[in-house]
Amino acid sequence: MSAPTTTRPDDRTADGRRARRTAETASIGWKLLLLKITALGLLNAVSVYAAMVLFFNERWLIGTLVVVGGAFLTWIYFQRGALPAKYLAPGVVFLLIFQVFVILYSGYVAFTNYGTGHNSTKDHAIHAIMLQTQDRVPDSPTYQLTVVERSGELGFAVTTEAGEILLGSAETPLEELPDAVVEDGRVVGVPDHEVLSFAELVERQQELTTLAVPLSEDPNAGALRTQDGQRAYVYTSRFVYDEAADTMTNTQTGDTYADGGEGAFVTEAGEELMPGWRVNVGLENFVRAVTEESIRGPLLYVTAWTFAFAFLSVASTFILGLFLAIVFNDPRMKSRRYYRLVMILPYAFPGFLSALVWAGMMNQEFGFINNVLFGGAAIPWLSDPWLAKFSILLVNLWLGFPYMFLVCTGALQSIPEELTEAAQMDGAKPFQAFRQIKFPLLLVSIAPLLISSFAFNFNNFNLVYMLTGGGPRDIEAGINVGSTDILISMVYKVAFVGSQSDYGLASAFSILIFFIVGTISVIAFRRTRALEELN
Amino acid sequence: MAQSLRPPTRRPAAVQPATRRPDAGRPTSRRPVARPRPFRRWFAQTGWRHLVGVAVVVFAAFPLVYVFSASLNPGGTLITANTLFGNLSLQSYVDLFNRPQQPFAAWYVNTLFIGFSASAGSVMLGALAAYAFSRMRFTGRRFGLITILLVQMFPQLLAMVAIFLLMLSIGEIFPAIGLNSQIGLIMVYLGGALGVNTYLMYGFFNTIPVSIDEAARIDGAGHARIFFTIILPLVSPILAVVALLSLVATLSEFVIASVLLRDPDKQTLAVGLYQFISQETSQNWSIFAAGAVLAAIIPVALFLALQRYIVSGLVAGSVK
């Protein structure tokens with residue numbers, strides 16, 4: 001995207017270039033210039049602010065990227081030339097972050113154990129373990145407590161028995177507080193903080209009783225906790241973290257947990273201490289997907305069903321769509337417009353709603369289909385593994401045939417009628433003429449659409465998730481997966497549904513889909529020769 | 001159900017009359033006065049087509065009629081909805097807006113806000129890029145076009161986990177654009193804009209003669225003025241198609257919206273209505289149906305109004 005060489009003939013001469021530049025400067029106008037300067041000013045202000053916040057939070061790499069990116073954009077728009085870059089930059093910025101980067105990031109996550117219990121860093125995990133396992137230190141001193149708030153975050157302002165005044169919150173350990181207002185040994189005012197009233201304490205009791213304010217940076221020192229918002233006591237964890245040996249020791253049982261290298265502390269017997277933290281696990285997610293029987297089995301049949309579903313959906317919608325296109329492509333037929341209008345309604349109706357409505361109609365006990373059309377039969381449309389597959393295909397036929405009808409009608413009408421006539425003059429039977437002349441011509445223009453329709457159905461999440469939720473669930477599988485799940489809905493369920501999220505495994509599945517879709521598109525490109533048309 | 005499945009199996013029979021048209025049409029057209037055709041011939045020529053048409057219309061319209069009837073049946077559950085139009089009242093539409101647990105009005109506004117912003121943004125980004133690809137020659141142009149063609153094959157929802165984690169970490173530092181933020185969601189949608197729309201627009205931009213640009217340039221217009229005041233109005237049909245397609249796609253988008261938007265007050269119709277139905281399966285079916293009818297009105301109306309443009313866009317290669 002460097003030096004633009006425009007196609008205009010007058011560009012080749014110096015005079016032509018000068019004339020063009022003059023024309024462009026003259027035509028920009030002061031309003032546009034003002035707009036440009038304002039927009040760039042805003043952009044710079046935002047990126048400088050963002051970079052400052054990022055640096056403040058010690059995100060050096062991202063902060064630097066923001067500064068460099070902002071400067072680069074400013075440079076693009078302030079120089080003369082680089083015209084294509086000016087037009088491409090806005091879209092490319094979003095494309096790079098939210099499409100290209102996230103794909104690469106999926107690749108990275110697939111090599112980690114990111115998920116429930118492995119959400120954060122090791123330091124956070126150590127703190128979290130200690131917080132979860134705290135007991136009050138017997139006979140510990142009482143701290144007179146005042147609960148304060150600063151921008152939504154609760155903090156403790158306490159006076160010790162020795163008369164020291166300290167302030168801290170869940171994030172920041174206790175520190176000396178020099179300029180607090182104290183009455184009767186209790187803090188009543190803290191600069192920049194708001195003191196909570198009794199009513200507010202009651203309202204936020206839940207939050208208050210789970211709050212632990214560390215005594216110091218050392219996680220072993222313990223933390224202050226309160227039950228009533230009036231008095232705080234020192235709590236220490238049952239666990240002691242030995243920084244030198246990198247082990248956690250349970251002081252009550254004497255068990256020692258060491259960093260097992262897989263993102264958690266484990267005993268020698270293999271007992272894990274949760275939460276753990278995020279580490280790179282190499283190919284483990286992929287290895288699990290291939291070797292663990294409870295994952296491999298579901299993965300295989302989900303993949304097979306994904307292909308079958310996509311193929312059968314395209315085939316059924318195309319056949320019905322083409323049939324209808326042929327039927328209604330007769331100028332003698334009256335009121336075709338009205339049929340057409342009703343026929344495209346399923347396509348206009350939002351897809352997720354259609355699936356939800358069909359799910360209601362196919363309900364086994366109360367649904368319209370069983371109760372009215374089948375006179376009270378209890379056909380398990382959505383809960384029998386095979387019938388659910390059939391139902392999904394049926395609903396997808398309903399959703400998809402109008403599209404195929406529209407494109408087939410368009411394609412049929414663009415084929416000259418003379419071809420059929422000529423074939424019939426040569427003695428071809430009508431069906432023969434259609435089969436051997438019109439149909440191949442139709443396929444030429446429809447084939448790319450069939451391929452993109454296949455690709456679309458390959459990831460037709462909404463239909464599957466809204467109609468059956470992927471169910472009926474396969475109880476033998478080690479992951480939450482059912483017999484109508486396709487790959488993309490399996491990724492969603494592994495990552496976001498239920499109490500256990502496994503982002504690493506879900507990303508590994510996504511990578512698998514990337515490879516499949518990539519292969520399909522390479523084949524598609526070869527076939528349609530779309531690339532050759534680019535000039 | 002049974003009748004709806006019939007058409008595909010009758011295909012071979014259907015093909016013949018359609019292709020026989022030139023011969024079959026001749027005898028009738030020779031007659032100077034259009035007399036009523038004998039029933040048998042009428043049926044062979046067009047009558048059976050009406051039969052197919054009626055069957056398809058029933059198949060296509062039935063679920064929609066059903067949901068509309070259910071919405072007029074106040075207090076109805078799934079089972080009482082089975083009596084079509086047994087009860088006619090708009091009470092469910094009123095109840096819909098009085099449920100504190102399910103803020104339907106907020107969902108509606110959110111959906112429109114997110115949909116229109118994302119759609120307008122996508123059209124703008126796509127048009128800018130298509131203009132550059134169509135009118136300028138630069139190093140990396142072919143590479144850019146191929147990249148876009150490839151990116152088009154990988155819908156954003158494949159990277160949903162990474163998008164979630166990215167927004168989670170953005171939200172830790174900039175809550176306004178991170179997790180649980182509609183602005184953040186719109187930004188994510190804009191990330192998919194270039195991949196989905198540019199190619200469609202690029203083709204259309206190419207059909208506008210370059211001589212128009214040149215004439216404008218001779219008259220002293222700069223590139224920005226040519227783009228905004230000359231090209232954009234000329235390509236407005238494709239802008240409408242892309243705007244509508246991306247609006248409809250955004251309105252039905254569930255995966256990313258459900259992953260990113262956590263507060264009920266911030267969610268979209270797709271996320272909200274799905275949770276509504278999964279929480280109380282068959283109970284408040286009538287209220288759900290009312291919600292579905294209201295949610296569908298805008299896309300269906302836009303679709304029918306802009307039908308002509310959409311069909312041309314579809315043939316040019318985009319799938320819902």
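The UniProt record, in an unreviewed entry, lists residues 47-68, 105-133, 145-171, 183-205, 226-251 and 285-306 of chain B under "transmembrane region"; such positions are given in the numbering used here, feature names are shortened, and annotations may be inferred rather than shown by experiment. The structure is a predicted model, in which local features need pLDDT of at least 70 and side-chain atom pairs count only at pLDDT 80 or more, while totals for chains, interfaces and linings use all residues. Residues are numbered from 1 along each chain as its sequence is written, and chains are lettered from A and ligands numbered from 1 in the order in which they are written.

Residues 47-68 of chain B are 100% helix and 0% strand, with end C-alpha atoms 30 Å apart, and residues 285-306 of chain B are 95% helix and 0% strand, with end C-alpha atoms 31 Å apart. Helices (H or I, at least four residues) and strands (E, at least two) are DSSP runs, numbered from the N terminus.

Within chain B, helix α6 (residues 104-135) packs against helix α9 (residues 182-191) at an angle of about 35°, their axes being 9 Å apart; axes are lines fitted to C-alpha atoms, for helices over the stretch in contact, and angles run from 0 to 180 degrees between N-to-C directions. The crossing of α6(B) and α9(B) is right-handed, a term used where the near helix is turned clockwise from the far one by less than a right angle. Residues of α6(B) including B:Phe113, B:Ile114 and B:Leu125 meet residues of α9(B), among them B:Leu185 and B:Tyr189, where contact requires C-beta atoms, placed from the backbone, to lie within 7 Å. The residues of this contact divide into eight nonpolar, five polar and no charged; Ala, Val, Leu, Ile, Met, Phe, Trp, Tyr, Cys and Pro count as nonpolar, Asp, Glu, Lys and Arg as charged, and the others, Gly among them, as polar.

Between the chains, 108 residues of chain A are in contact with 103 residues of chain B. Helix α3 (residues 83-109) of chain A supplies the largest share of the chain A side, 17 residues, and that side comprises 76 nonpolar, 25 polar and seven charged residues.

Chain A also holds an open, antiparallel sheet of five strands in the order β12-β13-β14-β15-β16, in which pairing requires at least two DSSP bridges between two strands. Its edge strands, β12 (239-242) and β16 (272-273), each pair on one side only. Four bridges join β12(A) to the antiparallel strand β13 (residues 247-250) of chain A, and A:Asp242 stands opposite A:Thr247 in β13(A).

Conventions
Contact = placed C-beta atoms within 7 Å.
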